Amino acid sequence: MTAALYTRFARKPPVPAGIGTLSLRLAERVVVMREAYYYRHHAQGIACLLCPKECIIGEGQTGFCRTRKNSGGKLYALNYGACSSYALDAIEKKPLYHFYPGKRILSLGTWGCNFACQFCQNWQLAQAEPQTMELSPDKAVAMAKQAGPENIGIAYTYSEPSVWYEYVLDTARQARKAGLKNVLVTNGFINTKPLEQILPYVDAMNIDVKAFSDEYYRQICAGRLEDVKHTVEQASLYCHVEITTLLVPGLNDSVTEVESLARWLGTVNSNIPLHFSRYFPNHRMLTPPTPLATLERSYRIARNFLNYVYLGNVGGSYSNTYCPACFTLVLDRTHQITSHLTQTKKCPCCGRVIDIIGDVQGPA
């Protein structure tokens, strides 16, 4: 498969080499209704049980995420198989720095979200009405298998995968049988039962911890911090986890908040990588970009509690991996990924094991 995979369909996408027989079809909005897995009847309609919002949805209405509709006394997912974007991405773009470094992954997205972040980087998919194509689980797995040996599996990303739940679960099951990896890039706002059902099929997650303040979650994102913390804690018991926090000036970047975030994550597992990402104005938020000095300060604070900290959207050496014990450079991502690890994924200087999932080409 070529690297020229098209994303965010504003016009008919070219069909990448090797998947022409899949007949991908573009439409204004593909609607493939599938009965939802998690709901119960309520005096005022239906209570959706997928995420902690637990929307009460009247007949003919949809919930907060717009993807779940009460029709005839049953709850239906409106986006099953509706793909708004796809690409063959570097795994580092998720970002996942400690999961099969240097590999690629077929990345799929839908529409809708159970948050309403004012700074949303993908609001055209999450909050708007994007064009979509119909992509069954079978076709998604076939695309991934035909993507070549550099592709490790499927990432469910771009928009919030938890509101694509039924499709993601069905596809992840098939992908696992086909020997592929499954990755979720998610806000982590999901109830315990659906999380526990899907986790056995998930190999890695990047979870956005938007801030370490419930006030921020409620006012900026329409969510709750405690539910996201629970997801991080549960997921870390099942699969590889990395965390991303977009630092927004004056809202979630104080010394106290950054320290609280890093301290808590260190109690979960100090080997969980934390990515501080630089904010740029987007969607409804016009706050100026995050100063580099703020990111560097946050990096220094977090390194007191965590072994692996990175800065995103800034370039330079902050994307490199250093040995937590002796600070030797072990994975250089400055221009292209260069590994200095031994074949057993140890620091070449002090011999400490570096926490990396998957093969890394080290020196002979």
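Helix axes here are lines fitted to C-alpha atoms over the stretch in contact, and angles between them run from 0 to 180 degrees between N-to-C directions. The model shown is predicted.

**Figure 1. Overview of the protein chain.** The protein chain holds eight helices and 20 strands. Its C-alpha trace spans about 65 × 50 × 35 Å along the principal axes. Buried residues account for 55% of the 364 residues. Take the contacts between residues at least 6 apart in sequence: 66% of these join residues at least 24 apart.

**Figure 2. Helix H6 against helix H7.** H6 covers residues 225-235 and H7 covers residues 255-269. The two helices pack at an angle of about 30 degrees. Their axes lie 10 Å apart. Angles under 35 degrees count as roughly parallel, so H6 is roughly parallel to H7. The crossing of H6 past H7 is right-handed. From H6, the contact uses Lys229, Val232 and Glu233. From H7, Trp264, Leu265 and Val268 take part. By class, this contact has four nonpolar residues and two charged ones, with no polar residue.

**Figure 3. Helix H7 against helix H8.** H8 runs over residues 292-302. The axes of H7 and H8 come within 9 Å and cross at roughly 40 degrees. The pair is therefore oblique. H7 and H8 make a right-handed crossing. H7 brings Val255, Val258, Glu259 and Ala262 to the contact. H8 brings Arg297, Ser298, Ile301 and Ala302. These residues divide into five nonpolar, one polar and two charged.

Figure 4. Glycine 250 is found in the loop between strand S15 (240-247) and H7. Its relative accessibility is 67%, so glycine 250 counts as exposed. The view also includes alanine 204, which is 46 residues from glycine 250 in sequence. In space, the two residues are 31 Å apart, C-alpha to C-alpha.

**Figure 5. The loop between S9 and S10.** This loop joins strand S9 (85-90) to strand S10 (104-109), and proline 95 has its place here. Most residues other than glycine have a negative phi, and most peptide bonds are trans. The peptide bond from lysine 94 to proline 95 is cis. Its omega is near -10 degrees. Tyrosine 100 lies in the loop between S9 and S10 too. Phi of tyrosine 100 is positive, near 50 degrees, in a residue other than glycine. Tyrosine 100 has a relative accessible area of 17%, so this residue is buried. The cut-off for buried is under 20%.

**Figure 6. Arginine 66 in the loop between S5 and S6.** Arginine 66 sits in the loop that runs between strand S5 (56-57) and strand S6 (68-71). Arginine 66 is not a glycine, yet has a positive phi. The value is about 75 degrees.

How values were computed:
Residues are numbered from 1 along each chain as its sequence is written. This is a predicted model: local features need pLDDT of at least 70, side-chain atom pairs count only at pLDDT 80 or more; totals for chains, interfaces and linings use all residues. Side-chain values use heavy atoms; hydrogens and water are left out. Helices (H or I, at least four residues) and strands (E, at least two) are DSSP runs, numbered from the N terminus. Angles under 35 degrees count as roughly parallel, over 145 as roughly antiparallel, 65 to 115 as roughly perpendicular and the rest as oblique. A crossing is left-handed if the near helix is turned anticlockwise from the far one by less than a right angle, and right-handed if clockwise. Contact means heavy atoms within 4.5 Å. Ala, Val, Leu, Ile, Met, Phe, Trp, Tyr, Cys and Pro count as nonpolar, Asp, Glu, Lys and Arg as charged, and the others, Gly among them, as polar. Buried means under 20% relative accessible area, exposed over 50%, partly exposed in between (1.4 Å probe, protein chains only).
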